[in-house]
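Below are a few friendly notes to read alongside the model.

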Amino acid sequence: MKDSRNKAMADLRRTPQQERSRRSLDAILDATAELLAETDPATLTMSAIGTRAGVSKAAIYRYYPDRPAVIRALAERYLGPIAERLTAKAEGASGADAVDALIDGYYELFLDEPVVRSIWVTGFSYPEIGEYCLEFDRNLAVAIVDAVCTEPTAEQFRRGHVLVRSLRAVVELALQAGEAEGRAMIDDFKSVVRSGA
């Protein structure tokens, strides 16, 4: 968590020096996460974030130049630890079992952290956030290919990235279908991947 917080702070307009300022920054990100989980990301405003965080809109602008910068900082806060969690899930497994563990972990992250879904939905409206989300997917693709191949090729990495992007679409369908049907879709996807279809 500390590393992702440090990365998110690297893009700030200014770094908070006092504990009170750090608490305000945390409150801004916490409020953004809550609002993204509750409302349509397109309707999120800096005013709403400030009201929920208990800080002025001007205080937010002291740290972030705009709404995408706040959402990117939130993405960095969540996705860094999630990437570590996904990689840890696959450790100790190999081949198809490691791929299954990564697929399950990816699905579970959207179940466990609804704000991640909102970040993804919002992210692709803004190039700088979308690029961060794509980088997350690329890193997951590398983890999958490394789990399956001893000497991966560029083609295998490309296919791994296609697999992860397909997984994201399946996860979206699974989330809309409900828990039982969604889990069945994820299991079907794992079967397809295992069969090489």
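1. A word on terms first: contact means heavy atoms within 4.5 Å, and helices are DSSP runs of H or I with at least four residues, numbered from the N terminus. This is a predicted model, with local features needing pLDDT of at least 70, side-chain atom pairs counting only at pLDDT 80 or more, and totals for chains, interfaces and linings using all residues. Residues are numbered from 1 along each chain as its sequence is written, and side-chain values use heavy atoms, leaving out hydrogens and water.

2. From α9, Leu163, Ser166, Leu167, Val170, Val171, Leu173, Ala174 and Ala177 meet Glu181, Gly182, Met185, Ile186, Phe189 and Val193 of α10. This contact comprises 11 nonpolar residues, two polar and one charged (Ala, Val, Leu, Ile, Met, Phe, Trp, Tyr, Cys and Pro count as nonpolar, Asp, Glu, Lys and Arg as charged, the others, Gly among them, as polar).

3. How do the axes of α9 and α10 cross? They come within 7 Å and cross at roughly 155°, which makes α9 roughly antiparallel to α10 (angles over 145 degrees count as such; axes are lines fitted to C-alpha atoms over the stretch in contact, with angles from 0 to 180 degrees between N-to-C directions).

4. The largest pocket has a volume of about 370 Å³. Ile144, Arg159, Gly160, Leu163 and Val193 are the closest to its centre among 15 lining residues. (On a 1 Å grid over the protein atoms alone, a pocket is an open set of points where a 1.4 Å probe fits, with protein on both sides within 12 Å along at least five of seven lines; lining residues have an atom within 4 Å of a point. The volume is the space filled by probe spheres set on the points, which are joined across faces, edges and corners.)

5. α9 gives the largest share of that pocket's lining, six residues. The lining divides into nine nonpolar, three polar and three charged residues.

Conventions
Helices (H or I, at least four residues) and strands (E, at least two) are DSSP runs, numbered from the N terminus. Angles under 35 degrees count as roughly parallel, over 145 as roughly antiparallel, 65 to 115 as roughly perpendicular and the rest as oblique.
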